[in-house]
Amino acid sequence: MTMTAPPIAMTEPSLWRQSLGLLWRDKFAFVAVLFLLLVVFAALFGSTIFGQSATRINLAARNAPPMSMHLGWHYVLGADSLGRSILARIAVGTRNTMMVAGLSVIASLLIGSLLGFIAGYRADWTTGVIMRVADVLMSFPSLLLAMIVLYVLGAGIANLVLVLAITRIPIYLRTTRAEVLEIRERTFVVAAKVMGASPLRLVWRHIRPTVTPTLVTIATLEFAFVMLSESSLSFLGLGIQAPEFTWGAMVAQGQSYLGTAWWVAFWPGLAITLTAMSLNLVANWLRIVTDPVQRWRLEARSSSNGGGNE
Amino acid sequence: QDTSRDIKIVLPSAVDVVEPCHMNSTGYIGLVLKENVVETLLKLDPKTSKPLPNLATEWNQVNPTTWRIKLREGVKFHDGTPFDADAVVTALKRQFVPELACRDKIRSFGSITIQPKAIDKDTVEIVTSEPMPLLPLSLAQTGMTAPSTSMKEAERHPIGTGPYVFTSWDPAQSLVLTRFDGYWGKKPEVAKATYVWRSEPALRASMVAVGEADIALQLAVQDATNKDTDIGYLNADTSRVRIFMDKPPLNDKRVREAMNLAIDRSAFIGTIVSPLSVPASQYMLPSVNGYNPDLKPWPYDPEKAKQLIEEARKDGVPVDTEIELYGSEFMQANLSEMLETLVQYWQEVGLNVKINMVDKIQHSAMRRKPYPADRPPSMVHELHDNTAGDAFYTMIVYYTSDGGLSNISNPELDKLLKEASLATGEKRTKLFQEANRMIQQDIIPDVMLYHMVSYIRVGKRVHYEPNFTTQGQLELSAITFK
Amino acid sequence: MNGYVTKRMLHSLISMMGLIILVFFLSRLTGNPSDLYLPIDTPADVRAAFSQAHGFDDPMIVQFGHFLANLVHLDFGSSMRLERPALNLVLEAFPVSLTLAVLAMALALVIAIVAGSLAARSPNGVLDRFINVISLCGASVPNFWLALVSVLVFAVWMRWLPTSGMGGPEYWVLPVIVLAVRPCGLLAQVVRGSMISALSSAYVKTARAKGVSQRVIVFVHALRNAMLPIITVAGDQASGMINGAVVVEVIFGLPGIGRLMMESIQYRDFAVIQAGVILTACAIFLLNIAIDLAYALLDPRIKHA
Amino acid sequence: MSETSGHLVEVKHLSVEFHTRNGVVPAVRDVSWHIDRGETLAILGESGSGKSVSSSALMGLIDIPPGRITSGEVLYCGEDLLKATPERQREINGSRIAMVFQDTLAALNPVYPIGWQVAETFRTHGVARAEANAKALELLERVGLPNAAARFRDYPHQFSGGQRQRIMIAMAIALNPDLLIADEPTTALDVTVQARILGLLKELQRERGMGLLMITHDLGIVAGMADRVVIMNAGRIVEAGTVKQVFESPQHPYTRSLLDAIPGRHGFPDIAERAAPAEPLLRVEELTKEYVTPAGLFRPARPPVRALGGVSFTLAQGETLGIVGESGSGKSTLVRTLIGLEEATSGDAFFRGRSLIDPTAETRDLAQRQIQMVFQDPTASLNPRMSVFEIVSEPWAIHRDALPRAQWEQRVGDLLEEVGLKREHAGRHPHQFSGGQRQRIAIARALALKPDIIICDEAVSSLDVSVQAQVIALLKALKDEFGLSYLFIAHDLPVVRSFADRVLVMHKGMIVEQGPTREIFENPQHDYTRELLNADPLLSHHAA
Ligand SMILES: Nc1ncnc2c1ncn2[C@@H]1O[C@H](COP(=O)(O)OP(=O)(O)OP(=O)(O)O)[C@@H](O)[C@H]1O
Ligand SMILES: Nc1ncnc2c1ncn2[C@@H]1O[C@H](COP(=O)(O)OP(=O)(O)OP(=O)(O)O)[C@@H](O)[C@H]1O
Ligand SMILES: [Mg+2]
Ligand SMILES: [Mg+2]
């Protein structure tokens, strides 16, 4: 954004402090943020902390159940089918997981919503072309796409991201377009249009901020979906290649032990669910905080619940 | 269902083709058809791999390229046509029809052609284009289909002489065989067999557990937990990592030896592979003619391995070069775990190996000639099953210079194998044993791993004892009710 | 209305053409299938003969020309793997997937709408938190995990339902539920989100002033306004299912289009891949048209260009 | 039902709070009033003084949270409604107590036909579908919705503001309630329709003994309709009594300031006789607009609605042209067509001699700079997510050459001061302002490019009288300072009379009369104009 807030005296506390205050009031979102910070921490320092124990194979500890403390504290969550600490693997796998899922969600979000804005705003042939492309993407079997990319470009994180991103573009595209069609008729958009605002400005300054919350909600839900798709690709040998691994790959690997060692697939699955849930809680919170019409829900909660809790 | 004599068998993948001339080479057709619907002239003894009479009662080699076969009398096809010399000639000729591209023919006869001829009603003479000392073994793989079978396109309703009639087949869901009343042999107990397929091993196991099926094939090791129902057996597959010896550091024998010494084969047993698996020293089961019982699997000696690597390094061998290891999930359960563990062992002795899991099609292309010239130093994990009973079927393809799947080009070995394949009796055995020694000790073209084990779950109602042929042949007549 | 639908059909035809071209040429980049159909030690000449027999040696453009020429007569070629007409295979598999998709989608929509609306009635309340957590779990639980665990629980331990396969209605219960869980969780989230804003709008107040019951307010007044994003997301999920619920079909042994396509892709059975893509695309395009019609039906303000 | 208290509805010591970020807002503090059968009580007060909240409370329509009723009781025939079960509340709502809401576009459900929505009141209270529809149609005709039968299945967005308000009223009076709460029921109505609606309400009162609670800022209506009046300020009742008492001897200073602000007490604006320039600023020629409702996907085609039927007029530099006319007569359509939001069916309009209907890129740019618009609803026309600074500076951001970036901050501050706001307001967001202040922000934005023409579509009708007076004064001052021209749409004749130089009277898409304000008001020629003037409660009240 090109505009900065003018240095005019504010009559209220800074936005940042306010948000922190509101975050504290929504305990769920607060815990979610803490969890996400933990995830970020793991992504940054996981391999430093756990180092070898995530990759060190120890067949003697194979499928050790959770709380196998005699093997060391690394084994609180148990060990996988090669005797590696699941805790360590979840921590070390965070970086790849976030990279693959994060990049593909962001890529499809950006591309999908950009196309959606264009298709929602313009009524000429570009819209036609975009919608046709969306049709094609939607009906192109994702497995075939994965095969093709793998063959033509080879395996690798970048190509994995490519496959995952391409297949998820239509959902953002269609959602954005549907919302834009509605928002562009609102009075404040019309007002800006009458003043001569360019389509770019209308979309960027007026429509986009209103659509964003919906897109963010979808993106957080997609996050889990992408991790799981990646897991099924790993299962077909199209996913990430060992010794690299992600939570999705861990789930896929644990699948064959569901009957005998549930924990191998369970913990990484839980990590995926918790991350998705935290992202979603934070997104919901953000959605409320940034929306003046809904904001009171947080503000009111604090005082009415605060009294009741004591 | 309890009182009836109907059973249900659950397979790991769909029976999508039922053409009998692919039955030894494709999916689970053989398991369904062989010796149930379609019978062969001879049959292998599962213990010794020696041919036994089946539809033929006698056979002998008239001269190096001519065999004479005496047929069993009083046998009828399911459609009522008599099984006679003309029928056999037609069935044999059918294998060579180009439109059918019979995969069994490619496997058993290669580029050899044959001239079958009816001598009388019960005698057939076969002339081969080259000497074929192993023709009986090949005939043990060749199904005798009824003369009415199409000579132009793949059969959808195979008719044979076996104890079961091919009754119905829905490629999407199930296949049914029912007992043939006019069968020449002993009447089997099972009246009707329905085959279904589920790709998830845990689900197959569950189906038998709850009584929806009587026999489930190919359980995962970890699911084979019930001692009463789950039976493990050596399945004829031997696994190994083949080393392409064309590029450094893999062209150095010390490095290849170090690779073998670096691995603790016993550590895998009971963890990643079944406790019943046997470390292998050669690419065939002990029951195969030519197996060398004196050879032992490589011991686990990481110190020696490190030392060999150091020696090689001193001689300027680039031992740090990244080596690509290819594998395909379709080959074997828990494969990626196995490869990851191998890689770690190699890493410990100072080798740098990277895993590449690839699709079936890439994997096949990787294993066979022509090999791409520009590939990095590579290895490929593969499985091989020699169910035909003679070392020949392994050695020629995998170890001679001309072998389609060979990565060796050793004139001495070529000569030895050539001699062995023409020899017979004791001499043949000895020569192949010597070849096996040479391969393991002198050439080291691979990291031999295990003779693999499969698990089968047999439900409470029935009794069945699997053996190494079960993978490709499950005789319903061997199933009895408790 | 007819004009609009005709126009959309025309557009779909264009998309279809693009799709066919993409699928045809791209799928042929994934390797020569002879390795899948011939034994590994097949001699080179046999291999060459096989390729030639199946026309893999012709220039791609020639192959494409043949394909188009046949397509005009509704001849989709025949399956290399199953040696049957590709169209028949696809037409046999399609009803299974469609049934699965329709049942699962209906179940997911009903539950999601009820749960999401209940949650939206008091945002951040106890019920809302509960539904929120449950639906997020639903949205992020892996299909195959759920499928296998549900078989273990309901078929093996409880013995209430059959493990898998086709048969009476009881055979559909597990697959449909497993398939519905994810869309249900996802949709519940979307319903909740858009219902919250719909329920805080002025027309809801008007309805309350008229004495309209809470149920009618939620399900008649607010829901219809909140329907646009719900339909968009539901449509996306549904087309995913029409494309084949691969995992569920494979695990439960249902002969649907997802399983057929997966196997055909693995076996490079191009004729079936093409026929499958064309048929599912037809269904998805119809679905998209239906969605756009639903937009117009639900919200009179939406104009069609 | 025992009528112990004797009053139809009695509110006792009602207090309502809202919890917001800045703490607790006491919206209603210790308010008590009562209303009897057949009686009309008016509540007057400035924007945000708690009028709507106090009346919504008795129908259970306050959002809880954030709102909370902290004390008080509401007795309906002796029954405390605040303690009633939700079922009982629903039973009463709509049938015994009904309400007409302020914001009609938002208050009608956009996705259901209006007929369906009116009929729903009947259906909810047990009338069969077919009968409900028949009754709804009858009602819509009764409130004077033109062509009601044909438009029964149209959707809210297809109606003009005034038409929607009538639909709301139809919905409220459907079941002949005992008490009708009308929250600004006639803000968007032209005086003739207003008179008709008020007449209808009076008739219902006579027939059924209905109690009427009127919330309004229109003192004329209060004078003409109410028996008693309550004046609210900052959540409290500051004065109460009969209309005569309060109007003739106001006690509270706030009441006095309110009565002083009544427009129309100050005669006509002085029209400085200017030499008319050769080419007027704006020239409209035979402008016609028809709304075609094409055959929808699920609806048959409709005959086109002729919203503008050949309208011609001119606007000179520095002139204020008031546009009055019946609701639905095409006023909004006229300006929407001029600024390019609707496509004209035929005719043309020229700004400084250049066509606005089929503009060149250059003309469009010029028009976008020189013609600005202030919309009826200030809340909707300001982007809720932008700060005031961003809103006011947006025209410069759009037209980059208008003002160097460095001066924006200074100019925004200046503009805010010019419209009567403070410099420090620039950092705030729209929702932190009252309705009147928001309209000033919109005006500041309109002024940013120093335009030639400002178009106001009912720009002041939602404001209470005191704020309205301030805004009008501001517009006048700006006009004198910058020589602005206005196209000023209003249904409030006294406002037009005090502000416009010339007046243009529209009826059914046509201009029936136009001329200098004084001429039109003192000597109307057309029947419709006369009808309009006679219907105005304040003007006629004065005349009487
Ligand atoms: N949902 C809400 N959240 C917070 N404050 C509110 C809410 N609704 C109303 N208020 C506050 O309550 C006070 C009274 O509002 P009310 O709507 O009764 O005003 P009013 O007298 O009807 O004004 P107007 O003439 O503008 O309609 C205002 O200060 C307003 O800011
Ligand atoms: N989108 C539409 N479709 C069909 N008819 C419409 C549409 N918009 C407006 N109309 C009709 O056009 C006519 C003129 O409407 P317009 O909004 O210009 O009236 P107005 O003079 O501004 O009235 P008010 O004073 O009530 O705002 C009305 O009869 C209205 O019902
Ligand atoms: Mg109000
Ligand atoms: Mg209007």
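Predicted model: local features only at pLDDT ≥ 70, side-chain atom pairs only at ≥ 80, totals over all residues.
**Exercise 1. Strand 8 of chain D**

Which residues point one way from strand 8 of chain D, and which the other way?

Step 1. Sort the side chains. D:Gly211, D:Leu213 and D:Ile215 point one way, while D:Leu212 and D:Met214 point the other way.

Step 2. Check burial. A residue is called buried when its relative accessible area is under 20%. By that cut-off, five of the five residues in strand 8 (residues 211-215) of chain D are buried, so the strand is mostly covered.

Step 3. Find the partners. Strand 3 (residues 40-45) of chain D pairs with strand 8 of chain D in the parallel sense, over four bridges; here D:Ala42 has D:Met214 as its bridge partner. Strand 7 (residues 179-183) of chain D also runs parallel to strand 8 of chain D, joined to it by five bridges. Within this pairing, D:Leu180 stands opposite D:Leu212.

**Exercise 2. An open sheet in chain D**

Work out the strand order of the open sheet of four strands in chain D, and explain what its edges look like.

*Solution.* 

Step 1. Write down the order: 12-11-14-15, with antiparallel pairing.

Step 2. Look at the two ends. Strand 12 (305-315) and strand 15 (354-355) of chain D each have a single partner strand, so one side of each is left without a neighbour in the sheet.

Step 3. Strand 11 (residues 282-291) and strand 14 (residues 346-351) of chain D are antiparallel and joined by five bridges. One of the pairs to look for is D:Glu285 with its bridge partner D:Asp348 in strand 14.

Step 4. Helix 12 (residues 331-338) of chain D lies across strands 11, 12 and 14 of chain D, and it runs at about 115° to strand 11.

**Exercise 3. The nonpolar cores**

Describe the largest nonpolar core, then pick one of its residues and list what that residue touches.

*Solution.* 

Step 1. Start with the count: the largest nonpolar core has 179 residues. Those with the most contacts inside it include A:Ile90, A:Ile207, C:Met195 and C:Phe252.

Step 2. Zoom in on A:Ile207. Leaving out residues up to four places away in sequence, A:Ile207 touches A:Phe117, A:Tyr121, A:Val180, A:Ile183, A:Arg184, A:Val189 and A:Leu202.

Step 3. Look for a core apart from this one. Another core has 87 residues, among them D:Ile62, D:Ala107, D:Phe152 and D:Ala172.

**Exercise 4. How the chains meet**

*Solution.* 

Step 1. Count the residues: 20 of chain A are in contact with 21 of chain B.

Step 2. Search for charged pairs. Two salt bridges cross this interface. A:Arg56 forms a salt bridge with B:Glu348, their closest N and O atoms being 2.7 Å apart.

Step 3. Compare the pairs. Chain B and chain D have no contact; their closest C-alpha atoms lie 42 Å apart.

**Exercise 5. A tryptophan in chain A**

Locate A:Trp285 and decide whether it is buried or exposed.

*Solution.* 

Step 1. A:Trp285 sits in helix 10 (residues 263-289) of chain A.

Step 2. Its relative accessible area is 8%, so A:Trp285 is buried.

Step 3. A:Trp285 and A:Phe28 are 257 residues apart in sequence, yet their C-alpha atoms are 9.1 Å apart in space.

Conventions: Residues numbered from 1 in each chain as written. Chains lettered and ligands numbered in written order. Heavy atoms only, no water. Pairing = 2+ DSSP bridges. Helix = DSSP H or I, 4+ residues; strand = E, 2+ residues; numbered from the N terminus. Contact = heavy atoms within 4.5 Å. Axes fitted to C-alpha atoms, helices over the stretch in contact; angles between N-to-C directions. Core = buried A, V, L, I, M, F, W, Y, C linked by side-chain atoms within 4.5 Å. Buried < 20%, exposed > 50% of the residue type's maximum accessible area, 1.4 Å probe, protein only. Salt bridge = Lys/Arg side-chain N within 4 Å of Asp/Glu carboxyl O.
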